[in-house]
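Please read the following alongside the sequence and the coordinates. The text goes through helix packing and then aromatic pairs.

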Amino acid sequence: MPRFSVIVPAYKVQAYLQESLDSVLTQSYPDLELIVVDDASPDACGSIIDDYAARDPRVTAVHLAHNLGLGPARNAGLSRATGDYLVFLDGDDTLAPGALQAITDRLKATGSPDVLVYDYARTYWTGETIRNSLSHRLREEGPASFRLADRPALLGMLMVVWNKTYRREYVEREGLSFPPGFYEDTPWTYPALLAAESVAVLDRVCVHYRQRRTGSILTTSTRRHLDVFDQYDRVFGYLATRPELERWRPAVHRRMAEHFCALYADPRRLPRAARAEFFARASALLRRYRVPGPRPLSLSRTDRTRHLLMRLGTRRAYRVLSLLRSGSLTAGRTGMTLGRGLRETVLRLHYRAQRLLPLRPELAVFSAYWHGGYACNPAAIEAKLRELAPRMRTAWICDPAHAATLPRETTFLRPGSAAYWAALARATYLVTNVNFDRALVKRPGQILVQTQHGTPLKRVGLDLQDRPAATPTTDFAGLLRGADQWDYLLSSNRHSTLVWEKAVPASYTTLEYGYPRNDVYHRATQADVLELRERLGIPPGSTAILYAPTHRDYRRSRPAHPDFDRILRDLGPRYTILTRTHLTYAGSPSPEPHPRLLDVSSHPSVEELCLASDALVTDYSSLMFDYASLDRPIVIHADDWEAYEASRGTYFDLRAFPPGAIARTEDELVDIFSTGHWQGSRSAQLRASFRTRFCTHDDGQAAERVVRRVFLSQPTAPVTPLEDRRPTPAAPSATPEPTLAHLTTSRWP
């Protein structure tokens, strides 16, 4: 018996069917049967299906004698299914790479629920890919599985069959099947969710929902859209047979009203001659199934009024309201646009006027992380510039929320203000680790330094052109226009130099000087480390583990963090964990409190956190390259390498060339620390090899090299050899040294 039965109906999708079937058969999780139903398609779908069935024994071809529609075609596939779980996929859609593996992993983690809901992305015929806007409702937080009553917001998501997998025994017990007609998903999905004893969610894009330019139901004008009334009759008929589900009638009624209003507003679907009939039948159903009582407060006043007018059948008043709403929105947008436009026009003229004035050779403007605070390479360069060239004036661009992080000696610039534009127009030096405003016009004589903010393990720049899931909105032409303004690109090592010059080709000069932000790792003292640990609340003698993962391009919400409570319990009282969430997930909930778990996500300096810790645990973050400069243990927790590699892509296989031990599971992570492998001789060997390759220039003098070359036009000091460097030592630790026995069971590449 296979784990999954994937059911694919096919009708007039010959141009897309092969891609759809390939997306299933090439899944990394192969335990499946693929049932493809030819719904008497007049094109080549039937022969394509037969070809696949002849080549792969997992494929079952089903040919219907007459065209019956999506619902009956799915039923034909359903009757032949033998898998533990049912997956439905339309013949023009595709499964994302690794989807079935992620689904089965989540099913195991949530106790084999009746229904698992996962995410999707719309893929447009233009090539654009946009993730579901309601994906935040799929956050994997709270109980692993639940009843719908515990997360009713799931009822507000797209009510389709193909963004869920269903336990086959549950489907058979409930007698679920598809009716004929358009909107056949409706009488299946509502009962499937409402009656389920256990529901779970997977916060991952598993389906690419193709938005065809022509030929889809959504772009077909036909009276068959009136089938929607029969489908909702079936839903409420089902509720009438299940008294325990009657409490869901108001919620389903509201969703029905929303569906009717959306369908009525779409000029592509309803023929003009059918609009009056549609409105009258919608009114009749809304009255028939209305439950007396107050309307949901979550609806806007306008939506409540629209639903009321449709229920009352006052089509003319409904049309007037729609026109007024459209007009008010247009007027509001126009007013806001005029206000913004006037201000932007004045500022644009101000910027142009400032560009006519002479440059200020003593002024340097800095920024980091999209108007974040005082941080990273620009901060280290700014501090060294004030030290070596006190005549220079510096200014820092950041949002007001981060102004407190700035030193008193630098000037705060609010983004978009008149002072901001004046500084961009007249500063001789511009330094950033991302990019300046797109409206910046670099003047002759201005010098722009791009410092970057990490050694690239994951693909960057033009190397992401074939990775749309990782960069759905990247403007590659804009990226190159920005790079054309760079005079200098700062590189931390030869690997970075080669990557950047290929991925962002432009006429800049590469300064392979090391990263200034890492200078502190060779200049701080052990007394500084002890002071930092006390300030952070790390108990004396404790071994502090900094846990700092990167973000995931294939997820909208933060990935689930490890079970810190279990890890700390297994490791014992001598360990403290500092957990730092990636800035992409700023504002997401903190882990459950624990006396030896410190959430340092809002701490302004990651360099201070590195100095205070005894070891780093990360996944694919560029922080590992910086931390290696400290010559302290690094452990890689790579539990989703295949998914990460598939979505983002990397420049080398980290598993083959790691900076230390590798944990693929939480158990292995605990084992690495409990046995002492994290600080054993093999860990030191791997780290030494990693440092030799990536820390060639990080000797504590990178900022000085940049300042002398760019700002002072002076020769730079030679790089201190790796063997002669003395990074800041860690604090004395209470963790015992590993024994020889410990060194026999570790996880090494």
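What covers the buried residues of α23? The model is predicted, and in it the cover includes the helix α12 and the strands β10 (360–367), β13 (427–432), β14 (447–450), β15 (488–491) and β16 (509–512). Helix α23 is mostly covered, with seven of its ten residues buried. These are A702, A703, R705, V706, V707, V710 and F711. Just after the helix, S713 has a positive phi of about 50 degrees.

Two packed helices are described by the angle between their axes and the distance between the axes. For α12 (residues 376–388) and α23 (residues 702–711), the axes come within 9 Å and cross at roughly 65 degrees. Angles of 65 to 115 degrees count as roughly perpendicular, so α12 is roughly perpendicular to α23. The crossing of α12 and α23 is right-handed. On the α12 side the contact is made by A380, I381, K384, L385 and L388, and on the α23 side by A703, E704, V706, V707, R708 and F711. By class, eight residues of this contact are nonpolar, none is polar and three are charged.

The axes of α8 (residues 249–265) and α9 (residues 275–288) come within 11 Å and cross at roughly 175 degrees. Angles over 145 degrees count as roughly antiparallel, which means that α8 is roughly antiparallel to α9. Helix α8 contributes H253, M256, A257, F260, L263 and Y264 to the contact, while α9 contributes R275, F278, F279, A282, L285 and L286. Ten of the residues in the contact of α8 with α9 are nonpolar, one is polar and one is charged.

Aromatic rings come next. The count is 36 aromatic pairs. One of them joins F229 and F278, with ring centres 4.9 Å apart and planes at 50 degrees, so the pair is tilted. F229 belongs to helix α7 (residues 227–241) and F278 to α9, and they are 49 residues apart. F229 is buried at 0% relative accessible area, and F278 is buried, also with a value of 0%. Ring pairs link F229 and F278 into a cluster with Y190, Y232, F260, Y264 and F279.

F657 and F694 form an edge-to-face pair, 6.3 Å centre to centre with 70 degrees between the planes. F657 lies in the loop between α20 (641–647) and β22 (662–663), and F694 lies in helix α22 (residues 681–694), so the pair ties together parts 37 residues apart in sequence. F657 is partly exposed, with a relative accessible area of 24%, whereas F694 is buried at 1%.

Methods:
Residues are numbered from 1 along each chain as its sequence is written. This is a predicted model: local features need pLDDT of at least 70, side-chain atom pairs count only at pLDDT 80 or more; totals for chains, interfaces and linings use all residues. Side-chain values use heavy atoms; hydrogens and water are left out. Axes are lines fitted to C-alpha atoms, for helices over the stretch in contact, and angles run from 0 to 180 degrees between N-to-C directions. Helices (H or I, at least four residues) and strands (E, at least two) are DSSP runs, numbered from the N terminus. Angles under 35 degrees count as roughly parallel, over 145 as roughly antiparallel, 65 to 115 as roughly perpendicular and the rest as oblique. Contact means heavy atoms within 4.5 Å. Ala, Val, Leu, Ile, Met, Phe, Trp, Tyr, Cys and Pro count as nonpolar, Asp, Glu, Lys and Arg as charged, and the others, Gly among them, as polar. A crossing is left-handed if the near helix is turned anticlockwise from the far one by less than a right angle, and right-handed if clockwise. Buried means under 20% relative accessible area, exposed over 50%, partly exposed in between (1.4 Å probe, protein chains only). Rings of Phe, Tyr and Trp (its six-membered ring) pair if their centres lie within 6.5 Å; planes under 30 degrees apart count as stacked, over 60 as edge-to-face and the rest as tilted.
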